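Please keep the structure in view while reading.

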Amino acid sequence: MSAGTTMNHSDNGYNFAYLDEQTKRMIRRSLLKALSIPGYQVPFGGREMPLAYGWGTGGIQVTAAVIGPDDWLKVIDQGADDTTNAVSIRRFFQTVADVAVTESTEVATIIQTRHRIPETPLKEGQVLVYQVPQPEPLQKIEPRETETRKMHAYAEYGAMQVTLYEDVAHFGRIAKTYDYPAIVNGRHLMSPSPIPKFDNPKMENNPAIQLFGAGREKRIYAVPPYTSVRSLDFDDHPFEVQTWKGSCALCGSTTSYLDEMITDDRGSRMFVCSDTDFCNTRQAEAASAPDDKAAGEDA
Amino acid sequence: MAYVAVKGGEQAILNTHKLISESRRGNPDLAELTLAQISEQFALAVDRVMTEGSVYDRELAALALKQAQGDAVEAIFLLRAYRTTLPRIALSEPIDTAKMTIRRRISATFKDIPGGQVLGPTYDYTHRLLDFALAAEGLERPNAELAREPLDGATPRVIDLLDSEGLIEAESDDRAGECFDLTREPMRFPAGRDQRLQNLARGDEGFMLGLAYSTVRGYGGAHPFVGELRVGEIEVEIVPEELGFPIVVAEVTVTECQMINQFRGTAATPPQFTRGYGLAFGHNERKAMAMSLVDRAMRARELGEDVRYPAQDEEFVLSHTDNVEASGMVSHFKLPHYVDFQAELALVRQLRAEHAVTRAEAQMKEVAE
Amino acid sequence: MTVISSAPSMRPVSSGGTSLKPGFADPVFDAQGVFRASLVATAYPGRIVPLDRTFAAPRPFSPATAALCLTLLDFETPAWLDRQAQSGEAASWLRFHCGLPLIDETATARFAIVTDPLNLPRLHEFASGEIEYPDRSTTLVIQVQSFTDGPDTTWTGPGIKESAGVAIDGLPSWFWSDWDLNSELYPRGVDVIFTCGNALMGLPRTIKVEA
């Protein structure tokens, strides 16, 4: 047995961060290779976790391999800290790693996310861990891994361009709104996970370390800090992000990604920030500075 | 505010845990099931959970079934998640099923076989009539008569009898000792037979059955014969490094199926029979048989047959057998997706608006003309 | 649920009459801390990343080399040791603490531990990965004299904002021209983590170096 495998089930104890040390080493080696080949999917011996596949097991394994006793962990789903899955994953790490948790993007050293990149810019040393349901950007075009692996090996991404161009021919625009494929470091086509394309530009030249874990498909990949991440587009149809006519009904932000809330059965709706920490911080700032009239404006 | 309700809340989650525990218990006036009762009286469910959960432990499997309210897939998931935390102490020696203590053993290929046909416990010859007598408790059950003498210690495998004539392909151990382990390594394609068999053994019984069924309905060209199906107990041995000789660490019940299939041969090989192999923990003939059919179908590539049907396509089959992965992915659509849905919503609204404008313009043009 | 923070601390152990240096005092948190440093070093190449704890290292390893080995190596990682590393107590220490399979072939090594870089084999002799699996390449751990006293080089690439000035001492004269050749293999190629004293510096295959 390798040193450091500490498992003791008789008193219901689990190793720090749940995974055994050998599994962590395997994941850690994969993470270093992933950073060395930005956007390339490193196969790893993913383990079954006590949460269902598709519910963040890849992200959890990455976080478990990275996290230490000095970390501050933030977990978000759809941008929010209080969504069910975020709550469940945060509780998992509180239980198995006794780690400090926070909702503040500023304070967090590790942020595990599903479907969003926080609005607050990230800093050097912070680690953003993405939960990835389907890591293969080419899968909808070619379901066979034996084929997609060749396409990545020889950077044969023409089929992806063709698919996007079919959208242009049909709809007059690229109809991909989330999980929008990007070329990383000028070489590998990468799925950014189902984040809205609104968030794609945040991946590029980000000072933080971006790690992606796909548990069911057993792939790990990464975008190092200060790395080019180019969303696919065409000269005559450049990449563009979503915009809203109004602003957040709670904090008045005009620059954040907004969720639509249906407020009654007559179709009334309002728009609010999907990033709850960003929105709450702005509301608190507005409350302490009464002159700021941004807060509370209607959408 | 209204929208707060959509976003989880820790309290709500804790309450779901309490509710599930309540609904698991059901009517508290009724006696609670014990693990021993589940293990003894739902033995076949326990067997399935052990097989697909990849842990041979009746008590743990019974606990998983109790915790999962009898939902096999949920119980398998519980057992798998527990399994990953266990340290690996040793690798066992391959089991030798010729040494099995036979409980049931049949062959469809020969009327009589050395060691005889042993029917054992099976539903095969029962009439599927609901037995209302079972609804009563404390029923007196009939005892089967014991044979006067025990079965022969070593019962040769039927398939080995064909071997001596060269009628069936030789089974080869190509990678002495080295065995692929997909609980430690990601799936690799093309997959070796060790990887395929491990995947099938852990695979969902229902999915396996459907695939096996397809191979005999024209989607695979299988003409199978049950060479032998045997159920019984077998010892598991390990060789501790400090001892250097095998010691018995467990006795397990397994079901093994050797399926025989015709093979037309190639320029280099004369026509002969080929094998499909299935093995399951406990007593599970359906799984072992289905597995052996799918194993044979997936050998199409190595045998030089055309790969034309789903069951022959190893990448398709192996990627979709695992019910823990499959149910995870399917159930994850219950998670909130409102960020990506919002993105799609905005696009569809925009496209509809544009569509309306284009149509209006087209109608105007028609009218004008 | 109890959270186990560490295994019982490892005391010096006797092996064949000689006493082996201990491994991590806290196998869980020490490995995590050192991994985090190596993650940062790989993510931000060209930066000196000090370890926040010290270790007793077996000859001829520096504390950082020893810590990195304990963190990343185990029975699943066939490793190649250079002659100097094999001659000291390091080889038996690695076998004991990491259960490490030591191999003679550079071409199949997952890790190469180099303590005498002047006698380093040429980079193309190590595994550069397969075209469909470029991650299956050697990671070289190279222990050097200094990160600041050697010839000036300028690094650019992912993880580096504009460019980084690095002056690693004690590398063979051909090293940086071999590194250019390594870059041409991309996405295949070897990756390097330099160690010096108690600090790390990452050099993943993506980095272009002007010598």
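Between chain A and chain C, 57 residues of chain A are in contact with 50 residues of chain C, where contact means heavy atoms within 4.5 Å. This is a predicted model, in which local features need pLDDT of at least 70 and side-chain atom pairs count only at pLDDT 80 or more, while totals for chains, interfaces and linings use all residues. Residues are numbered from 1 along each chain as its sequence is written, chains are lettered from A and ligands numbered from 1 in the order in which they are written, and side-chain values use heavy atoms, with hydrogens and water left out.

Buried area is the accessible area (1.4 Å probe) that two parts lose on being put together, summed over both, and a salt bridge is a side-chain nitrogen of Lys or Arg within 4 Å of a carboxyl oxygen of Asp or Glu.

| Parts | Buried area | Share on carbon and sulfur atoms |
|---|---|---|
| Chain A and chain C | about 4,400 Å² | 63% |
| Domain 1 and domain 2 of chain B | about 1,300 Å² | 52% |

Chain A and chain C are joined by 6 salt bridges, one of them linking C:Glu76 with A:Arg29, whose closest N and O atoms are 3.3 Å apart. Between domain 1 and domain 2 of chain B there are 3 salt bridges, and B:Glu205 and B:Arg48 meet in a salt bridge at 3.9 Å, N to O.
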